2 protein chains.
Amino acid sequence: MAVRLNDAYMKAFVSQKELEAIRPQVTCAHQLLHSGKGLGNDFLGWLDLPRDYDKAEFEAVRKAAEKIRSDSDVLVVIGIGGSYLGARAAIELLKSPLYNNLKKDTPDIYFAGNTLSAGYLDEVLSLCEGRDVSLNVISKSGTTTEPALAFRIFREWMEAKYGKEEAARRIYCTTDRSEGTLKELCDKNGYQTFVIPDDVGGRFSVLTPVGLLPIAVAGCDIGKLMEGAEAARQAFAEDDLTHNDSYRYAAYRNILSRKGKSVELLVSYEPRFAMMNEWFKQLFGESEGKDGKGLFPASAVFSTDLHSLGQFVQDGSRVLFETVISVKGCGKDLLVKEEPDDFDGLNFLSNQGMSAVNRKAMEGTILAHTQGGVPNLILEMDAVNEYELGFLIYFFEKACAVSGYLLGVNPFDQPGVEGYKKNMFALLGKPGYEQQRAELEAKLKG
Amino acid sequence: MAVRLNDAYMKAFVSQKELEAIRPQVTCAHQLLHSGKGLGNDFLGWLDLPRDYDKAEFEAVRKAAEKIRSDSDVLVVIGIGGSYLGARAAIELLKSPLYNNLKKDTPDIYFAGNTLSAGYLDEVLSLCEGRDVSLNVISKSGTTTEPALAFRIFREWMEAKYGKEEAARRIYCTTDRSEGTLKELCDKNGYQTFVIPDDVGGRFSVLTPVGLLPIAVAGCDIGKLMEGAEAARQAFAEDDLTHNDSYRYAAYRNILSRKGKSVELLVSYEPRFAMMNEWFKQLFGESEGKDGKGLFPASAVFSTDLHSLGQFVQDGSRVLFETVISVKGCGKDLLVKEEPDDFDGLNFLSNQGMSAVNRKAMEGTILAHTQGGVPNLILEMDAVNEYELGFLIYFFEKACAVSGYLLGVNPFDQPGVEGYKKNMFALLGKPGYEQQRAELEAKLKG
């Protein structure tokens, strides 16, 4: 199996009896999910997506990616939350966090519309100067403030550079199938559109055109990505805690939460996982962080962060557990060479690959942290490639759904995200919010 | 004052009485720190550093930076933990997180030796191909595994490209004043060296040559940086909870910790703060995360992460509080223009700057999150520049020292970092670790 849960280091923290005790609850969560009778059942499209996805649209995504690769130096992806995290995570993992700096035969890819920072947007604009650009705008409604403002600015820039017609051939919108202001604009201007399915929420959307188009532009094989996800769909279809690693992972995190842990630290040993960590944090944080519940999702890249957060993990408040992604092979290896004078005392490593050293660092850290009282769950992967990533994504998605039902929440909504938006609109003077505005401004004045 | 603590939103969470109750403890912590009689008193060099720093060496740093800017396309900085976070944080904050991508008249700056990932190191090497490179190796001892291995590889690369003599003129070492294997190597090979003072720990070292040389190479005014820190040193010299915002911040975080909060989320509204967040996490996590104590340090950049972590903050487990960095002006502004057909419904924002929108998003979020039961401490800054950053750094350093004494720990050691290193050495077969190796390997086999 492409992703396996190794729970050998959990014995000191969770007993077999506890796993047996939660088994019926997992069965119940499984049945809720697969019967479509659980909370949030309007948003279960991700469950069979790896088998049932729209094959014709998939080919259209591939073709669009090919065109963008052939006529663009830069692709600017405009989206926020689930409309950018998955694509960025996949590209950095499969290619590199330094993707835009490295020499390559695919376009640079910049993400915009995921912040209200004018300085950042201005810099992305400056990186487009004098280069051929395509735009992928990703928004279900078209009215989300951050991407809508960025799109206003970039559309103007594109039309100034290319004229309205050629700009229209370089603007790709991933949006609602039939409704919403972005869809209307596309129809009016002739932008090519791709569909965000109605029954797939933002944080579960990386395997829809939301993620697929940018990932394909980066030169990744999105067919293999879907194959990996489909393999995971089959692997985790049965309700069996012993053999369903995705469910066992969900069970452990709920047991640890009920035993008082507050924080899950997702750890990897390769910098290229940093944005996958962020994708994970949205998936679990937004699915479970409600009704006063949920594990706070945090992340680290070791050994880098062993020199910043390592002290806390080893010996600070015992509020956390770690989920460690262990990858056998990842990218090129480099050999440690013999130094004639061994000035740094590291000749005992000579003729070993750095990845072997990295692996021993991981093993040593797992032993040290469990010794220090931090439960460690290990997710083992043999390699980093499209297939394995598709598998990993689905592993986490299914674990998240079952984990949310175990916790007793609706894993598919996000009502808390509206709070700041309403306040922001009121403070910005949006028509209809006049009374709220007065109240909020009074509060700000203390 | 360049950084001010606004605690107007704390009224619902911490009473004036509680602040008064902790006041004598703050006085005690202040006296411990300034008398040099507290735990970790060998490492108080940072306290008066902004006044007492070595002015001659400071000029040497400036001169070296000038030479590097004149003869190099790339500076590779080799260091881990405190030997890279401060410099990277300052450069990204003062210049840009896209610094290496943007057009500029200063060298690209890549950080290496902060990971055991061979793939990452190989990519940094590839970015140096065909370009003029200088190297800044930062390590107190010279034996820390990650930077030492990277230095082995980069030194060989430099000598192959430039020959031993010219390579020596392009290698700059920031290390111990007199001892350590790196210092010996520098003396032997004639590398220019800069001093890591004995009494300044890694996470407090950004205002020593550790941080100053890379920051100066990026074209930042390190004189202004020190001026800002010196202003903060003076501003926070007195033991007065009411007027010493650094101490009041330390007091609040301890009160919140004692009331059961487990996580501090450091928040900013500009992507350029992302690495400052990481610097902060090391400073507080490593200083306080010991003896089973400490707040888990986490971070976010809003509004980006309001679309991933926002749900949790608004409505998940009430385990956290937020410290929000609020900056009045930051970088270039962009104007929202009127759209003739207002397709996205955002014309009510027309003719406002995006930074005004960003500001209202912040105010709206603070009100929503406090309403949701999350205490919010606000750190107000007027601008982002060298002076303000120096002030902010010292603000956090002094708060951290006092906060650690309030918590009842030694804020200046990090004994827990050794655990994984010992295990790693044993597993890698370092001579002298034979018995431990056998024990660990038995554990790994389960």
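B:Asp342 counts as partly exposed, at 28% relative accessibility. The values in this report come from a predicted model. B:Asp342 is placed in the loop between strand S9 (320-327) and helix H13 (354-371) of chain B. Its backbone stands out too: phi of B:Asp342 is near 45°, a positive value in a residue other than glycine. Most residues other than glycine have a negative phi, and most peptide bonds are trans.

A:Asn351 is not a glycine, yet has a positive phi of about 65°. The loop between S9 and H13 of chain A holds A:Asn351. With a relative accessible area of 56%, A:Asn351 is exposed; the label needs a value over 50%.

Then there are the cis bonds. In chain A, the peptide bond from A:Phe302 to A:Ser303 is cis, with omega near 0°. A:Ser303 sits in the loop between S8 and helix H12 (310-315) of chain A. In chain B, the bond from B:Phe302 to B:Ser303 is cis, again with omega near 0°. B:Ser303 belongs to the loop between strand S8 (296-301) and helix H12 (310-315) of chain B.

| Site | Feature | Value |
|---|---|---|
| B:Asp342 | positive phi | near 45° |
| A:Asn351 | positive phi | about 65° |
| A:Phe302 to A:Ser303 | cis peptide bond | omega near 0° |
| B:Phe302 to B:Ser303 | cis peptide bond | omega near 0° |

### How the chains relate

A:Arg155 lies in helix H6 (residues 145-169) of chain A. Is A:Arg155 buried or exposed? A:Arg155 is buried, with a relative accessible area of 7%; the cut-off is under 20%. Leaving aside neighbours within four places in sequence, its contacts in chain A are A:Leu135, A:Ile171, A:Leu185, A:Asn189 and A:Tyr191. From chain B, B:Glu339 and B:Phe343 are in contact with A:Arg155.

### The nonpolar core

The largest nonpolar core has 146 residues. Which of them touch the most other members? They are A:Val76, A:Phe151, A:Phe154, B:Val76, B:Phe151 and B:Phe154. Take A:Phe154. Not counting residues up to four places away in sequence, A:Phe154 touches A:Val76, A:Ile78, A:Ala112, A:Leu121, A:Val124, A:Leu125, A:Cys128 and A:Leu135.

### The mixed sheet of chain A

Strands of a sheet pair through backbone hydrogen bonds, either parallel or antiparallel. In chain A, an open sheet of five strands runs in the order S1-S10-S9-S7-S8, with mixed pairing. Strand S1 (3-6) and strand S8 (296-301) of chain A are at the edges, each with a single partner strand, so one side of each has no neighbour in the sheet. From one strand to the next, the twist averages 20°.

S1(A) and strand S10 (residues 376-381) of chain A run antiparallel and are joined by four bridges. A:Arg4 has A:Glu380 as its bridge partner in S10(A). Helix H13 (residues 354-371) of chain A lies across strand S9 (320-327) and S10 of chain A. H13 runs at about 160° to S9(A).

### The parallel sheet of chain B

Chain B has an open sheet of five strands in the order S3-S2-S4-S5-S6, with parallel pairing. Its edges are strand S3 (108-112) and strand S6 (192-195) of chain B; each has a single partner strand, so one side of each is left without a neighbour in the sheet. Direction ignored, neighbouring strands of this sheet are turned by 20° against each other on average.

Four bridges pair strand S5 (residues 171-175) of chain B with S6(B) in the parallel sense. B:Cys173 has B:Thr193 as its bridge partner in S6(B). Helix H5 (residues 118-128) of chain B lies across strand S2 (74-78), S3 and strand S4 (133-138) of chain B, at about 155° to S3(B). H8(B) also packs on the sheet, touching S2, S3, S4, S5 and S6 of chain B. The direction of H8(B) makes about 160° with that of S4(B).

H8(B) has a helix partner as well. Helix H4 (residues 85-94) and helix H8 (residues 209-217) of chain B pack at an angle of about 35°, with axes 8 Å apart. Their crossing is right-handed. In H4(B), B:Gly86, B:Ala87, B:Ala90 and B:Ile91 meet B:Val210, B:Gly211, B:Pro214 and B:Ile215 of H8(B).

Definitions and conventions: Residues numbered from 1 in each chain as written. Chains lettered and ligands numbered in written order. Predicted model: local features only at pLDDT ≥ 70, side-chain atom pairs only at ≥ 80, totals over all residues. Heavy atoms only, no water. Pairing = 2+ DSSP bridges. Helix = DSSP H or I, 4+ residues; strand = E, 2+ residues; numbered from the N terminus. Axes fitted to C-alpha atoms, helices over the stretch in contact; angles between N-to-C directions. Contact = heavy atoms within 4.5 Å. Core = buried A, V, L, I, M, F, W, Y, C linked by side-chain atoms within 4.5 Å. Buried < 20%, exposed > 50% of the residue type's maximum accessible area, 1.4 Å probe, protein only. Left-handed = near helix turned anticlockwise from the far one by under 90°.
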